[in-house]
Amino acid sequence: MLRLNGVGRRFPNNVIALDNITTRIEPGAFIALLGPSGCGKSTLLRILAGLDTPDTGSLTWDDNTPPGPGDIGFVFQDATLLPWANAEANVFLPLRLAGKSLETARPIVRDTLAQLGLAGFEHAKPTELSGGMRMRVSIARALVSRPKLLLMDEPFAALDEFTRHRLQDDLFALWREARTTIVFVTHSIYEAAYLASRIIVMSPRPGRIAAELTCTLPDTNTRRTDPAYAALTTQVTETLRAVMPA
Amino acid sequence: MTSLERTAPIAFGLLGLILWQTAVSLLQVPVYVLPGPIAIITAFWSDHASLLLSLLSTLAVTAAALIAAASLGMILALAMAASRLARAAIQPWAVVLQVTPVVAIAPLIIIWVNQQFAALVVCATIVAFFPVLSNTAAGLAATPPELADLFRLNGATRRQTLFLLRLPAALPYFLAGLRIAGTLALVGAVVAEFVASSGGFASGLAGRILESGYRLEIARMFAALTLLAITGILIYAALGAFERMILRRFGAGPSGEVK
């Protein structure tokens with residue numbers, strides 16, 4: 001998908017948000033960016049999206065084709081839906097911005113809503129939906145343009161534990177089916193271990209890659225109860241303890 | 001709010017009126033100093049055609065000024081949102097207009113604008129447009145940054161961002177500004193009428209008030225005042241209802257709550 005070559009970002013107040021980030025995001029990967037607050041995870045995600053530009057280093061996209069409109073889906077920590085629009089109109093938004101009419105786009109919009117378990121909620125306004133449902137609409141909106149790369153910035157951090165588990169399960173199932181490349185920012189060891197095919201551990205001030213772990217959990221929907229999952233969380237915890245400044 | 005709390009202001013007002021009438025009657029206060037409620041109602045009834053006609057004239061100025069203020073405030077806010085240069089150029093002058101008392105500018109405007117109705121509308125618009133401008137500008141500036149990012153990621157044009165995101169997000173702010181502008185337009189209309197009345201133009205309620213003052217018809221003056229107060233409350237309530245209706249249809253929360 002792309003390579004990051006020594007990417008660095010320094011904010012105007014001289015805080016070094018990112019320092020010499022070099023890694024590769026392979027197509028079809030589910031990458032978790034794991035680290036404490038202030039380690040530059042979100043900044044890195046914004047750079048991947050093209051919403052921020054690095055001060056040093058560069059991004060190299062495969063085949064030298066940088067992504068165009070609709071090639072990148074972005075899910076924020078809050079659902080950030082248009083409050084005046086219903087679920088269908090919110091999911092339709094990226095296609096509408098691309099100049100499509102609702103008539104031609106409706107099948108895709110309905111499909112995507114159904115994929116996220118929102119069939120029957122097309123006409124619900126955001127205020128009528130629960131936090132978990134709003135996040136589902138937000139994910140549907142990010143997926144409706146069939147992006148090559150899906151970027152998620154702590155999307156489940158504000159949800160309760162039960163809702164979070166359901167959404168993690170559903171996201172994992174979606175990824176297994178479509179193999180969309182996903183970069184997922186989180187500060188939860190358990191979330192990273194459950195979802196990711198590779199975990200990039202970042203340390204703060206300056207934001208650096210402290211460790212990378214390739215995960216080899218069984219590719220099934222029962223991995224949460226798999227002994228290998230418990231072993232992986234222990235391994236990630238130990239890695240974090242080793243690399244984090246005291 | 002319980003039904004007792006709802007009726008409380010009415011009961012309190014009635015009590016005040018009764019006390020007022022009793023005090024005026026017992027102390028035999030002359031009617032040219034302080035008329036009682038009964039004298040005021042009688043004065044209104046004996047002259048209601050002239051008073052209501054004047055109210056209509058004041059209302060026409062108020063309505064025209066409100067429409068002008070809404071359009072002007074919206075257009076200036078859009079210009080300020082579109083370009084930083086326009087914002088820098090407009091903002092100080094909007095504040096200058098806002099802080100200069102309209103009573104002080106009104107004589108000039110009445111000299112400059114030859115048509116009396118138009119002159120009154122201009123004065124009232126100057127008083128009323130600022131809350132629309134500042135609220136709408138604040139609303140346009142308060143677009144959630146994540147949504148702006150989302151529009152950028154999907155290659156939205158400036159036009160799409162304006163019509164699909166920034167304007168709808170600013171709507172609750174605009175409506176809140178409009179509600180304030182409604183009562184200010186009435187205040188501006190009456191103030192301008194006062195100034196115009198001293199120049200001989202006296203079709204509005206301010207003309208009736210001044211006239212009553214000259215003739216020492218204090219009960220009629222009170223009747224005109226009461227009419228103005230009720231009109232102000234009705235304008236405020238009507239615009240509040242309009243605001244709630246639009247926002248309910250639009251699915252956004254109460255004023256300012258955009259997320």
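Predicted model: local features only at pLDDT ≥ 70, side-chain atom pairs only at ≥ 80, totals over all residues.
Local features here need pLDDT of at least 70 and side-chain atom pairs count only at pLDDT 80 or more, while totals for chains, interfaces and linings use all residues. Residues are numbered from 1 along each chain as its sequence is written, with chains lettered from A and ligands numbered from 1 in the order in which they are written.

**Confidence**
- The model comes with ipTM 0.91 and pTM 0.83.

**Helices 5 and 8 of chain B**
- Helix 5 (residues 102-112) and helix 8 (residues 158-197) of chain B have axes that come within 9 Å and cross at roughly 60°.
- That angle makes helix 5 of chain B oblique to helix 8 of chain B (under 35 degrees is roughly parallel, over 145 roughly antiparallel, 65 to 115 roughly perpendicular, and the rest oblique).
- On the helix 5 side of chain B, the contact uses Val102(B), Val103(B), Ala106(B), Pro107(B) and Ile110(B); helix 8 of chain B brings Gly188(B), Val191(B), Ala192(B), Val195(B) and Ala196(B).
- By class, that contact has 9 nonpolar residues, 1 polar and no charged (Ala, Val, Leu, Ile, Met, Phe, Trp, Tyr, Cys and Pro count as nonpolar, Asp, Glu, Lys and Arg as charged, and the others, Gly among them, as polar).

**Helices 4 and 5 of chain A**
- In chain A, helix 4 (residues 131-143) packs on helix 5 (residues 161-178) at an angle of about 25°, their axes being 10 Å apart.
- Helix 4 and helix 5 of chain A are therefore roughly parallel to each other.
- Gly131(A), Gly132(A) and Met135(A) of helix 4 of chain A meet Thr163(A), Arg166(A) and Leu167(A) of helix 5 of chain A.
- The residues of this chain A contact split into 2 nonpolar, 3 polar and 1 charged.

**Domains of chain B**
- Chain B divides into domain 1 (1-30) and domain 2 (34-250), with bounds from an automatic or database domain assignment.
- Taken over C-alpha atoms, the centres of domain 1 and domain 2 of chain B are 31 Å apart.
- Domain 1 of chain B gives 6 residues to the contact and domain 2 of chain B gives 4 residues.
- The side of domain 1 of chain B that touches domain 2 of chain B has 4 nonpolar, 2 polar and no charged residues.

Note on methods:
Axes fitted to C-alpha atoms, helices over the stretch in contact; angles between N-to-C directions. Helix = DSSP H or I, 4+ residues; strand = E, 2+ residues; numbered from the N terminus. Contact = placed C-beta atoms within 7 Å.
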